[in-house]
Amino acid sequence: MNDTSNNSPLTIDIDLDADGIHFGNLKVPQSTNSAGWAQYYIPIVVIKNGNGPTAFLSGGNHGDEYEGQVALMNLARSIDIENVRGRIILIPMLNKPAAIAGTRLSPIDGKNMNRAFPGSADDDITGQIAHYVAHNIIPLADLVVDIHSGGSSMHFLPSVNMHELADKEQMRSMLEAGQAAGAPYVFLYADVAGSGLLPSYAEGLGKITLGTEMGSKSQFGKETLATTRDCIHNLLVWVGILDEPSITLSNEPPVVVKGTDTRDYVMAPCSGILEPFVELGDTVTAGEVIAQIHNPEDISAAATEVRVETDGMIMCRRSNPLTSQGEVVVTLVREVQE
Ligand SMILES: [Zn+2]
């Protein structure tokens, strides 16, 4: 099948409307040093059983975040289609070049998939993939879940996250979905590092849109993978696609937290070697020193203190000690009283 809608150069080799479980590829035209005529394959799976809602689930938007990639590959291979009502479209490695290189950004064009939306037909590969997904996949979905974690640079408390939207009804549904997922935290976040996010695009189409931050590359393991798997399961139950019982992740209900003051995103005042004084879940107050940065070129000089400007709980912290000026050190959140 050759899908040329929206002038996208990408093609897809499965029918998204066909019942059953179908593994296929999005194919991006390439001309490389090793092959003048080539296509880059991005795996895509559709699981469909009759009429019902559509969910679009993506992993590997950032290549070094593997929780979603593993969870979605496992889901595609293990789901019992008899329990499906409607359709699930999975792209486990949205930025596959980055996923197999172990990098956040694409090694082909250096682009960040989560800043590339909605892309364009004549963009570099990252923007071409974003453009196809923006115009041919996301519009089909009732529920969009883009699965992230801290990757190589950040540790996170496991959360389902979302923007705070002006549309009250959409926000209410997203909060309901976020709590139904069952992760320990529902994190309302702000954008402090650019635009062009997949979730922002999907929200703009009115979709129930969730992200996640499930841990990090070094927290990756049995526990974070189980949380990711169970949250996806619960969201498919919530949206009415999966006719199975939901899974209780914890006896405590999810805590809704908010870090939407730009000062909650504490950036490094200088470059150097970061020494954190706080851990995930710690509570801090404005003015508190939460880390210091050592100057490897002048070790006799006092380390530079990093202070927070807001009160809150440490939702995430930098995991890589090597830090450049302006990179985020911690993010603070406060519980939302409903
Ligand atoms: Zn990410």
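Apart from neighbours within four places in sequence, Ser-324 is in contact with Ala-268 and Ser-271, where contact means that the C-beta atoms of two residues, placed from the backbone, lie within 7 Å. The model is predicted, so local features need pLDDT of at least 70 and side-chain atom pairs count only at pLDDT 80 or more, while totals for chains, interfaces and linings use all residues. Residues are numbered from 1 along each chain as its sequence is written.

Ser-324 is found in the loop between E18 and strand E19 (328-335); helices (H or I, at least four residues) and strands (E, at least two) are DSSP runs, numbered from the N terminus. With 10 other C-beta atoms within 10 Å, Ser-324 is exposed. On this scale, a residue is buried if 20 or more other C-beta atoms lie within 10 Å of its own, exposed if 12 or fewer, and partly exposed in between. Ser-324 and Ile-293 are 31 residues apart in sequence, and their C-alpha atoms are 9.9 Å apart in space.

Tyr-201, by contrast, counts as buried, with 21 C-beta neighbours inside 10 Å. This residue lies in helix H5 (residues 198-204). Leaving aside neighbours within four places in sequence, Tyr-201 is in contact with Phe-117, Pro-118, Ala-134 and Ile-138. From Tyr-201 to Glu-244 there are 43 residues in sequence and 30 Å in space, C-alpha to C-alpha.

The axes of helix H4 (residues 168-181) and helix H6 (residues 222-238) come within 8 Å and cross at roughly 135 degrees. Axes are lines fitted to C-alpha atoms, for helices over the stretch in contact, and angles run from 0 to 180 degrees between N-to-C directions. H4 is therefore oblique to H6; angles under 35 degrees count as roughly parallel, over 145 as roughly antiparallel, 65 to 115 as roughly perpendicular and the rest as oblique. On the H4 side the contact is made by Ala-177, Ala-180 and Ala-181, and on the H6 side by Cys-231, Asn-234, Leu-235 and Trp-238.

Helix H1 (residues 67-78) also meets H6, with axes that come within 9 Å and cross at roughly 55 degrees. H1 and H6 are therefore oblique to each other. Here the contact is made by Glu-67, Gly-68, Val-70, Ala-71, Asn-74 and Leu-75 of H1, together with Thr-224, Leu-225, Thr-228, Arg-229 and Ile-232 of H6.

Among the strands, E2 (residues 20-30) and E3 (residues 38-49) run antiparallel and are joined by 11 bridges; two strands pair if DSSP finds at least two bridges between them. Gln-30 stands opposite Ala-38 in E3. E3 also pairs with strand E5 (residues 86-91) in the antiparallel sense, over 5 bridges, and Lys-48 stands opposite Arg-87 in E5.

Elsewhere, 4 strands form an open sheet in the order E16-E15-E13-E18, with antiparallel pairing. Strand E16 (304-307) and strand E18 (322-323) stand at the edges, each with a single partner strand, so one side of each is left without a neighbour in the sheet. Strand E15 (residues 289-294) runs antiparallel to E16 and is joined to E16 by 4 bridges, with Ala-291 opposite Val-306 in E16.
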